[in-house]
Amino acid sequence: MNSGEKAIRWFRIKLAMLMVLKKMLAAATIWGLLWGTAIIVLRATIGMPRFTLLVGVIGLSIAVIVAIILALRKIPNRIAVRASLDKYSGSGGLVMAAETEALGKWSEQMPRIHQPRFRWRGGISLIRFAGAAVFVFISFLIPQRFVEISKAHPLDISEEVNQLADGLDVLKEEEIMQLTQAEALEKKLDQLQTEAAGEDPAKTWEALDHLTDVISQESTAAAEDALNETESLTEAETLADALMSDASEMESRLLAEAMTALSGLLQKAGEENELLAEQLSNLDADAAEFTSEQLKEISAALRLSKREIMDRLAKLYEVNLIDLETLNACEKLGECNSDGLAAFLAENSGLMSVSDCVGGWCRGGIGRGPGHAPMTWTDGSTEEGAEFKEETLPLSNIASLEDSEIFGVSAAAPSIEASNPIKQSAALNGAAVGGGSSVTQTVLPRHKASVKRYFDRP
């Protein structure tokens, strides 16, 4: 290989190296920017581990290979390079002729082939490449908490939502709440759990409290109705049991009144309790008298209805919609013993109706504890024995106290006189004659204004 061929070959190699380097830097820069951006996005959105993101090295290798291929495809062929060198060296075509023909003695006349110097101004490309490399490096080193700073942090209210959802299921199952209202609240619960954000917890808790209040109000109203129903059922059951066991001991008038009262209690309880109304549908609630078998059936139906109410409240208690005190109150209202009720009715039927007697008996009766006593304070007071006279009391010596002066204060212990104290009357000391007395007077509520005016004196 002569010197001309070597020069052409070396020229093409240097040109290929330069073009490959230029393309590689450009491809690596572009891929570095894309890779660094993908690293940040993936870590911020799905929290992908950093080690997994090293797969971007494969992409960098592919980009470099593609850049090398594109650079090599743009290198001029040997003929074009020979023509350029012939022109640059001033060989007059001898370099080109040597491609196809032997020059012979002309080769001695052929001048030395000069190669042009390459000058690549790649400072900008290198800076861009360094910036892309630093960007990728930083995207790996950024702590995860800084990457997720713009990511919405959900607020964990799953426990509260599940508890309210369980309560809604019970309210729907027991038909305490309308189905449409319950479904609307369930949709709000789902939406609230989806949109709950840690950046604004106050808004989430406010909405959650609102839903809790709505469900709690429905549960409280249902519990109050259950207590009232249980009380009515207990009164009817107690009277029915008393009629079964002690009907023979009652007078005919009292027995008729008790049967009528039982019929009224059954009608009232049937209006409040559908299960009881269904069980007693075969009985004539307006009957003037019930047989022993009918009374047994009535008593069993009343106990079953109370059991159903108690089970309903137990379900509400299990999902924390009512407290244990309400559950115990319902159980206590369902307990009433009919022993002695017949005698109680005979003793008090002349003072109140049979229904009121039964209600007082189940609430404790006379002297039995929690029964409410009637209030009589609104009947007014009597003036019997009142001797109060409306008189203007004198100012006595109060004005002289304004001119008194303190001469000194002593720290000595007070002296105790050994003599017996003089017994004095209860009259006010220093009061003028006819100035009134602290005892013997009966003051009625209507004299309050006069007494108040006395103490309001200047």
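Is Glu175 buried or exposed? Select Glu175 and look. At 68% relative accessibility, Glu175 counts as exposed. Keep in mind that this is a predicted model.

**Stop 1: Glu175**

Glu175 sits in the loop between helix H9 (158-173) and helix H10 (179-195). Check the backbone here. Phi of Glu175 is near 55°, which is a positive value in a residue other than glycine.

**Stop 2: Asn320**

Now jump to Asn320. This residue lies in the loop between H14 and helix H15 (324-333). Again phi is the value to inspect: for Asn320 it is near 65°, a positive value in a residue that is not glycine. Asn320 is exposed, with a relative accessible area of 54%.

**Stop 3: the whole chain**

Zoom out and colour by secondary structure. The chain has 18 helices and zero strands. The accessible surface of the chain comes to about 31,000 Å². Carbon and sulfur atoms hold 57% of that surface. Of the 458 residues in the chain, 30% are buried. Now consider contacts between residues at least 6 apart in sequence: 72% of them join residues at least 24 apart.

**Stop 4: H11 against H16**

Select helix H11 (residues 201-246) and helix H16 (residues 341-348). Two packed helices are described by the angle between their axes and the distance between the axes. Here the axes come within 9 Å and cross at roughly 100°. An angle of 65 to 115 degrees counts as roughly perpendicular, so H11 and H16 are roughly perpendicular to each other.

Which residues in H11 and H16 meet? From H11, show Thr238, Leu239, Ala242 and Asp246. From H16, show Leu341, Ala342 and Leu345. By class, this contact of H11 with H16 has five nonpolar residues, one polar and one charged.

**Stop 5: Glu235**

Stay on H11 and pick Glu235, which is found in that helix. Glu235 is buried, with a relative accessible area of 10%. What does Glu235 touch, not counting residues up to four places away in sequence? Its partners are Leu265, Val358, Gly359, Cys362 and Arg363. Display these side chains together.

**Stop 6: Ser355**

Go to helix H17 (residues 354-362), where Ser355 is found. Ser355 is partly exposed, with a relative accessible area of 29%.

**Stop 7: the cysteines**

Select Cys330 and Cys357. Cys330 is buried, with a relative accessible area of 3%. Cys357 is buried too, at a relative accessible area of 0%. How many disulfides are there? A disulfide is a covalent bond between the sulfur atoms of two cysteines. The cut-off is a pair of cysteine sulfur atoms within 2.5 Å. By this rule the count is zero.

**Stop 8: Ser281**

Finish at Ser281. Where does Ser281 lie? Look in the loop between helix H13 (274-279) and helix H14 (292-318). At 51% relative accessibility, Ser281 counts as exposed, because the cut-off for exposed is over 50%.

How values were computed
Residues numbered from 1 in each chain as written. Predicted model: local features only at pLDDT ≥ 70, side-chain atom pairs only at ≥ 80, totals over all residues. Heavy atoms only, no water. Buried < 20%, exposed > 50% of the residue type's maximum accessible area, 1.4 Å probe, protein only. Axes fitted to C-alpha atoms, helices over the stretch in contact; angles between N-to-C directions. Helix = DSSP H or I, 4+ residues; strand = E, 2+ residues; numbered from the N terminus. Parallel < 35°, antiparallel > 145°, perpendicular 65-115°, else oblique. Contact = heavy atoms within 4.5 Å. Nonpolar A, V, L, I, M, F, W, Y, C, P; charged D, E, K, R; others polar. Areas by Shrake-Rupley, 256 points an atom, 1.4 Å probe, with all protein chains shown as cover.
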